[in-house]
Amino acid sequence: FKGGDTCEYLLSSGRFLGEKVWQPHSCMMHKYKNSEAKNCLIDKHVVFIGDSRIRQLFHSFIKLINPQVKEEGIKHGNIPFEDKSASIKVDFLWYPEVNGSMRQRIKSWTEGSVAKPHIIVVGAATWSIKIHNGSNEALAQYKINITSIAPLLEKLAISSDVYWVLQDPVYEDMLSESRKMITNEKIDAYNEAAVRILNSSSRNSKAKVKVFSVSKLIAQETIMKSADGLHLPESSRDTNAMILMNLYCNKIMKPIDGSCCQPQPPLTLIQKIAFCFFTLSIVGYLIISLIHRNNYRKNKSCTDLESGVEKKSAISIPNVSTLEMLLHCFCKLGLIMTYFYLCDRANLFMKENKFYTHSSFFIPIAYILVLGVFYTENTKETKVLNREQTDEWKGWMQLVILIYHISGASTFLPVYMHIRVLVAAYLFQTGYGHFSYFWVKGDFGVYRVCQVLFRLNFLVVVLCIVMDRPYQFYYFVPLVTVWFMIIYATLAVWPQIIQKKANGNCLWHFGLLLKLICLLTCIYFLSYSQGAFEKIFSFWPLSKCFELNGNIYEWWFRWKLDRYVVFHGMLFAFIYLALQKRQMISEGKGDPLFSNRVSNVLLFISIVSFLTYSIWASSCKNKTECNELHPSVSVVQILAFILIRNIPGYVRSVYSSFFAWFGKISLELFICQYHIWLAADTKGVLVLIPGYPVFNVLVSTFIFVCVAHEISQITNDLAQIVVPKDNSTLLKRLLCIAGFFSGLHFFSAMQDQSRH
């Protein structure tokens, strides 16, 4: 660990991912849009001083502000640029040699009344080599001139950002005859002189001239594509301009996916309280454990003084109290949350940008498919969508989604569209599972609702506190929570229609269908009325839960994207349970679901439908248009998969225990990946072991899966304590939870005031 200054890494080291994507060592580089660049540089003055290579960098830099600007201006002269809307001035000053003229210009900015530029980018050497035919005398004069300029640059560096751009290597075979004296050996000598002289007299770290040496590394990889052997290709200079933008703007704009040059965020009040709480839990648990252990040792064996015979105490195992169990859970959770914080908030571990290749996505998919097939076992029951099968379904979907996220496959539209179906399938299971429970069991009690809400939301609430993120940031949990409440409300409101009641009178089935039609109508209305949707979720306290970046558009977009699939899951459950009740399907071990003829026809239709959807998704050209169709057509592939998986009896009778194991912790895996597998809130990849990408993924994945499994156990243990079955005790716990959230809201309001 070399410290938290990732600016140094951004300036001096990195590598290419593929041909065009630059990856700085240890940190992530944000790709600035022109609107972001304008916001960062508002009322700023930027100056580029140097030769034609610096002029190239100048043009790439101003294109980040205004992509429409053309490379115009006097070839060997000054070029001004101004964006009046944001009051940004960027000037290129033609000084191809480090000489008295350049010194005079720099000196003018150090004098009192003259306004200093906010950013100064300087660099020159190739003209000195060319004009003086690469003589040693020219190099000696270059050293003298830099020595005279260095104190001035260091003086400017106190209040401005000053960068000295080292000379890029040349491609000697392509150089024209007039430039043949510009060799890489000479360039290295000039660069060495600049690095040695700059900052040699500066003791103040704030007054340092930043040496921009990363351009050399980029040029070494790309100079062969140069048009003349001297000037960099456009993609390389654009990368250099983006690095400059990250160097200056990351600490101002604080982009999530721009960890380079970003200071560690200060601890919030709520984070400090959480830290104290977990520390006290750990201390409390250790004290209680020591007391119990001592008591256990004292009572383990006692000697009968009269007979001298050792008797065993009645107490052989120490009783675990509710308090001890609670503290034990919070103790483990505190250690886990410390790891979360260190991974994604402290500048301790490295982070890198994602880079998609087909092999990085499809090869891991093939690995897990082989493992899944290898661990095949017989199911305990052979019903459609039995528990083992749904766990298996969740498991393989979750693993595919994890690989999709870490590989950055969202940039490849066919993969994106198929992953959207997997997310929809999760919501389909939400509709199917909760509808089936309420329809069959008829249990609308508060205990059931609280248990589900606690299990869904516990981890996310803790992460909101520890990682200082809004609830809506973990969008999937709010989504399944709201849909659970919608399913509950649909079935619980008068008249409560359950299977037992409907079996006595068929008219109740029509009553339930009317409820479902009303639900579908409401969904349809809200999906095409953004205003009505926003009004519902803009009321306090809902607005506190569903706002992201000051508005609820993101929540509306996420809800709208899979708006019908939960309804489809409910409808499928209703039809399936009705067919099952009337014994119209056969669910015996090894038996096809329907008669052979019907089964074969349905199986053929399902396979054709499945492949047709995949072909359509793979031919998608526009993400927006495909997203518009997705809510209506995603159910086709979901239903096709269910029928393919369940119609043949031999397929329905087996499941993959490998996938099912992951399916049991799928929610924890989905949430934990945000911070301890991926990095920068899913925008990058966590690097625990730099330099060994495959080994790094293996180690971070092992820790990540273990943590997710442990959190799942902690959640289950706490659910039994926090949500008891006794109604009077449950009411008291609910009042405590209401008090907790009131306190959280109070401290959150205090935080917001202090920030403003």
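This is a predicted model: local features need pLDDT of at least 70, side-chain atom pairs count only at pLDDT 80 or more; totals for chains, interfaces and linings use all residues.
Biologist: Which residues form the negative surface patch?

Modeller: Patches are made of residues with over 30% relative accessible area and no salt bridge; like charges are joined within 9 Å, and nonpolar side chains (Val, Leu, Ile, Met, Phe, Trp, Tyr) within 5 Å. Accessible areas come from the Shrake-Rupley method with a 1.4 Å probe, and for residues only the protein chains shown count as cover. A salt bridge is a side-chain nitrogen of Lys or Arg within 4 Å of a carboxyl oxygen of Asp or Glu. Asp and Glu count as negative, Lys and Arg as positive, while His and the chain ends are not counted. A charge is placed at NZ of Lys, CZ of Arg, CG of Asp or CD of Glu. Here the negative patch consists of Glu172, Asp173, Glu185, Asp188 and Glu192.

Biologist: Where does Glu172 lie?

Modeller: Helices (H or I, at least four residues) and strands (E, at least two) are DSSP runs, numbered from the N terminus. Glu172 is in the loop between strand 7 (161–165) and helix 7 (184–197).

Biologist: Is Asn191 buried or exposed?

Modeller: Buried means under 20% relative accessible area, exposed over 50%, and partly exposed in between (1.4 Å probe, protein chains only). Asn191 is buried because its relative accessible area is 5%. This residue belongs to helix 7. Leaving aside residues up to four places away in sequence, Asn191 touches Leu166, Gln167 and Lys216, where contact means heavy atoms within 4.5 Å.

Biologist: Which residues does the cis peptide bond with omega of about -5° join?

Modeller: That bond joins Trp494 and Pro495. Pro495 sits in the loop between helix 16 (476–492) and helix 17 (499–504). The peptide bond from Trp540 to Pro541 is also cis, with omega near 5°, and Pro541 is in the loop between helix 19 (530–537) and helix 20 (542–546).

Biologist: What is phi of Ala680?

Modeller: Phi of Ala680 is near 50°, a positive value in a residue other than glycine. Ala680 is in the loop between strand 14 (678–679) and strand 15 (684–687). With a relative accessible area of 6%, Ala680 is buried. Thr682, not a glycine either, has a positive phi of about 80°. Thr682 lies between strand 14 and strand 15 and is partly exposed, at 21%.

How values were computed: Residues are numbered from 1 along each chain as its sequence is written. Side-chain values use heavy atoms; hydrogens and water are left out.
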